[in-house]
Amino acid sequence: MPKHFLMCRPEHFTVEYAINPWMDPEAGADREVAIRQWEGLKAAYESLGHKVSLIDPIAGLPDMVFAANGALVVGGRVYGARFTFPERAAEGPAYLRWFTDRGYQAKAAEHVNEGEGDFLTLDDFVLAGTGFRTDLAAHNEAQEYLGRPVVSLRLVDPRFYHLDTALFPLDGHNVAYYPGAFSEGSRRVLESLFPDAVIASEADAAVLGLNAVSDGRNVVINAEATELQLELKRRGYDVIPVDLSELRKAGGGPKCCTLEIRGEI
């Protein structure tokens with residue numbers, strides 16, 4: 001079934017501050033290359049039959065391209081983001097305004113959370129990350145607002161500062177993940193919930209191979225995650241490699257650029 005994604009063209013993309021281990025302001029980033037790579041990602045989605053809507057980029061918000069962080073949308077209800085760092089604070093209201101302007105029921109968060117960066121939705125529940133960017137209290141807030149069970153998972157490796165850098169849903173019932181990103185207790189939870197999960201190597205996780213987007217059949221994934229691609233093909237998935245190496249300089253990949261809109265109004 002075609003999906004509906006919200007994306008933001010990286011018109012103002014740059015690496016001018018460091019709020020995660022991937023970012024190096026001295027090295028910077030090439031905005032034109034980032035735009036070309038982003039356009040390739042958008043084209044990949046459209047070639048698969050998915051709908052892509054766009055939010056206008058805002059000057060002074062170089063990370064606004066990472067649309068996944070802007071909100072969580074389940075059943076047509078929008079739970080807004082409240083960012084950890086002041087550099088990104090204005091993104092939350094901007095994304096919330098996009099939805100309210102279009103008639104969506106939306107809630108501004110009381111607790112710190114970074115949208116789909118730390119909330120990943122499956123058919124029966126939502127997996128929620130904490131440890132770096134999203135408060136545990138936000139997990140409870142999202143559950144109350146969305147009426148969907150939320151399973152909390154603790155992240156322990158700063159390279160994987162959002163849940164969507166360490167895990168992605170393959171479909172509504174299964175996931176791929178890198179165990180080393182999680183606390184011991186959270187690993188046991190994942191093993192219990194997903195005994196048939198795809199387990200990624202550290203090498204593939206380290207190129208943000210798990211910051212991928214699956215529609216249940218096709219997986220759009222960073223091209224460098226070669227072992228993971230082979231395993232996904234072995235499992236019967238069609239793999240669409242993309243090059244987002246420039247956006248990775250800010251710690252982002254395909255999923256970071258992609259906010260899924262679940263349930264139309």
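This is a predicted model: local features need pLDDT of at least 70, side-chain atom pairs count only at pLDDT 80 or more; totals for chains, interfaces and linings use all residues.

Residues are numbered from 1 along each chain as its sequence is written, and side-chain values use heavy atoms, with hydrogens and water left out.

Switch to cartoon view. You're looking at six helices and 15 strands (DSSP runs numbered from the N terminus: helices are H or I with at least four residues, strands are E with at least two). Buried residues make up 56% of the chain; buried means under 20% relative accessible area, with exposed over 50% and partly exposed in between, using a 1.4 Å probe and protein chains only.

Next, select L127, L167, F168, F182, L228 and L232. These have the most contacts inside the largest nonpolar core, which has 34 residues. Such a core is a set of buried Ala, Val, Leu, Ile, Met, Phe, Trp, Tyr and Cys residues joined through side-chain atoms within 4.5 Å. Which elements give two or more residues to this core? They are β9 (167–169), β10 (175–177), β13 (218–222) and α6 (226–234). The biggest giver is β10, with three residues.

Now zoom in on F182. Beyond its neighbours within four places in sequence, F182 is in contact (heavy atoms within 4.5 Å) with residues including L153, L163, Y177 and L190.

Time for some rings: select Y79 and F119. They form an edge-to-face aromatic pair, 6.0 Å centre to centre with 80 degrees between the planes. Rings of Phe, Tyr and Trp (its six-membered ring) pair if their centres lie within 6.5 Å; planes under 30 degrees apart count as stacked, over 60 as edge-to-face and the rest as tilted. Y79 lies in strand β4 (residues 77–80) and F119 in strand β6 (residues 119–121), so the pair ties together parts 40 residues apart in sequence. Are Y79 and F119 buried or exposed? Both are buried.

Last stop: select R77 and Y145. The charged end of R77 sits over the ring of Y145, 4.3 Å from its centre (the rule: NZ of Lys or CZ of Arg within 6 Å of the ring centre and within 35 degrees of the ring normal).
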